Structure formats: C-alpha cells, structure tokens
Amino acid sequence: MAESAIVSRHLRALWACPGTELGVVGWPATKRERTFASWHYWWQAHLIDCATDAANRVPTPARRQRIGAIARSHRIRNITGWTNNYYDDMAWLAIALERAERTQGITEARRALVALEKELYGAWDPDRGGGIPWRKRSDYFNAPANGPAGIALLRLGRHARAQEMADWLDETLRDPETGLILDGIHVSSGEIERPMFTYCQGVVLGLETELAIHTGEPRHAERVHRLLTAVEEHMTTRGVINGGGGGDGGLFNGILARYLAVVAVMLPGDDREQVAARRDAAAIVRASAAAAWANRLDVEGEPLFGHDWSKPAQLPGGRSGAGHFTAGGSVTSSRVPERDMSVQLSGWLLMEAAYQVSAAGL
C-alpha cells in the first residue's frame, strides 16, 4: 500500500516522454513540481531504491520496468549526465543503481556507476586528513557524504577506501559523550558542526555492518554495537524513532530504518552480543513501522504517512506552502510536511525495512 500510494500520487512521465517516470516532489503538486522544474536529485535516488525493494519483495515485469524508467528519467532530467556537484547526492544514486543492477539486472546502471564510482573514489582528500567534502570545492566534510559514499564504494569492490571512510567517520565525527555521529567538520578551521541527524547514524551502521562482513575485523562490529546502543538511548522513544520533518529531512528517519534492517539481517556472528544487536535493530524497525501505520491517514484507500511516526499524520491543505531550495542547496519543508514526497518515501522505506526484518523471522 505504501508503494501504491507513491505510484498513484507522485509518479508521472517526464515531460510527456514515452518510457519515462519520475517522482513529483509534492502532493498536491505546484506547477513547478508537476513540470519537474523542481525534482530533487537525491530524493529520486531513494525512489529508485524503494522501487528496487518492491521488485525484490515481489518480482513482476511492471516493477522491474519501473526501476529502469525512473533511472532513465533521472539521467534525462539531470541534463548534463549522471553526476552533479554534490558528493552526497551522487553517493545515494550510486547505492540505488548498484542494487538495481545487482538484484534486477537494470542495464541502464552500468555507465552511470562507472561515472559515479570515479567521482566518489577520486574525492578522497588525504592532504586534508582524509574524508570527502559534501560538494565540490567545499571545505565541509560530513557524514551524509562519507557514509553513503563508503557504502557505495564497498559494494563496488573498493573495500580499502570504504574502510578508510569508516575509520575517518569514527575518528573525526563520533561524539564521545553520546556515541552518536555528528554532522561534519570544516577542515580548514577544525570546527565541528554538532547536529545529530538520524540518517548520519543509519549510514554509519550500514557501512560498519557491511565492513564487518567483508573484512572480519572486530572493530566494525564493535562500532555497530556502540552506535546502536546510542541510537536506542538518544533517538528512540518506546522503541520508535524520534521526530522527523519535511523537505530533505523527510528522508532522514527512513534512511535510519533501512540501515537498521541491514544490521538486523546482515550483522555477522552467532554470539550473544551479535544476536542481541540484530534483535534490537529489528525491534526498532518493527515498532516504528507499527507506529507509522497506526498514525497514517487513509486517503482514497491509500496511506499518507506522518512526518513524525509517533503522531497522527496531517492532510495537506493544498498546493500552497511548498518547500524551496535554500542558498546552501538544501530543500526546506512544506508548510504541511506530509505533502513532501520525501516524507512519503520515508514511510515506504520504513515499510520495506519492516518487511525485510519480518521475513527474516526477526
């Protein structure tokens, strides 16, 4: 039902071109949104990832075709190619397209992945202590770029670089008081930006889990345990992921849920600590999904998820109050966050994560 809601409310042909499909970023949509003047590169990457989840869950020709159509449309709408100036954006797209190619054989992905891998691998900056910036020619190096870039490069076979990124994140951005991952560092001054966002925790949990599998080195599993404990303590209430917002922030909690499911299903080891970590990660996903579902609105037979899964969803009043780009390049929330596709994608991400842990018997 979460999938169906996105398909019916948000998916449209790009500029009426046959064989294309892209997500309209608001519902109800403004003219700018309907015509894809606003389209948000990284939101569409998560749309591809969710479409791949659905095809893996219940394979059908229509689901597989949809992944290819969205990927093609992403390339067309980006106009200049597969890449852009934001390393975090490119990392999310690389993750989505690598999964689409590996699990569904989406041929559109190969050329894209070559270009994206080159950008992400080449962005590593040893002269400034390692890490990659969030966008080109920036001195701000952050978790939302390094985390997903590490996951993408690991899955593309660049294990050593992915491990360097994980080590850089742990050494540079882990808060010693809470154990959570801070947002980023201005490398010229050494000033650290201290907001603690849920998606920063999610990508580090995912990266460390997959490194634990690929390397067998104990430090990666140890970091998963430590960070999972911090997330439980500081970012959940009665097992449900806290808060949430709209705009770009609408995706943050869904991303944490996705990578908690990775921990639940993939963290290696059979000793008591590893089993407990998998169980605890799964419990957060299931509790969050139950809360989001209980607090959804039913609109014409399809769910509308709330931006905060612990509170009742609000129905958008219309097209007014749409989010917009800031000077820094982020997207603000709509006046009613539920109109943002990011919020609804987060709900779909959560439901797919809950399916994965439930199907694994967790």
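Which residue forms a salt bridge with D170? The partner is R223, and the closest N and O atoms of the two are 3.6 Å apart. Keep in mind that you're looking at a predicted model. Here's a quick tour, starting with that pair.

**Salt bridges**
- D170 sits in helix α8 (residues 159-173) and R223 in helix α10, so the pair ties together distant parts of the chain, 53 residues apart.
- Both D170 and R223 are buried.
- They belong to one network, joined by salt bridges with shared partners, that also takes in D167, R174, E208, E217, R219 and R226.
- R102 pairs up with E98, with 2.7 Å between the closest N and O atoms.
- Those two both lie in helix α5 (residues 87-104), four residues apart, or about one turn of the helix.
- E101 is partly exposed at 24% relative accessible area, and R110 is partly exposed at 39%.

**Helix α3**
- Helix α3 covers residues 41-57, and its 17 residues should span 24 Å at 1.5 Å a residue; the end C-alpha atoms are 25 Å apart, which agrees.
- The rest of the structure largely encloses α3, because 15 of its 17 residues are buried.

**Surface patches**
- E222, D270, D271 and E273 gather into a patch of negative charge on the surface; E222 comes from helix α10 (residues 218-234).
- I213, V265, M266 and L362 make a nonpolar surface patch of about 290 Å².
- V265 is part of helix α11 (residues 252-266) and is partly exposed, with a relative accessible area of 43%.

Key: Residues numbered from 1 in each chain as written. Predicted model: local features only at pLDDT ≥ 70, side-chain atom pairs only at ≥ 80, totals over all residues. Heavy atoms only, no water. Patch = residues over 30% accessible without salt bridge, like charges linked within 9 Å, V, L, I, M, F, W, Y side chains within 5 Å. Areas by Shrake-Rupley, 256 points an atom, 1.4 Å probe, with all protein chains shown as cover. Salt bridge = Lys/Arg side-chain N within 4 Å of Asp/Glu carboxyl O. Lys, Arg positive; Asp, Glu negative; His and termini not counted. Charge placed at Lys NZ, Arg CZ, Asp CG, Glu CD. Expected span 1.5 Å × (residues − 1). Buried < 20%, exposed > 50% of the residue type's maximum accessible area, 1.4 Å probe, protein only.
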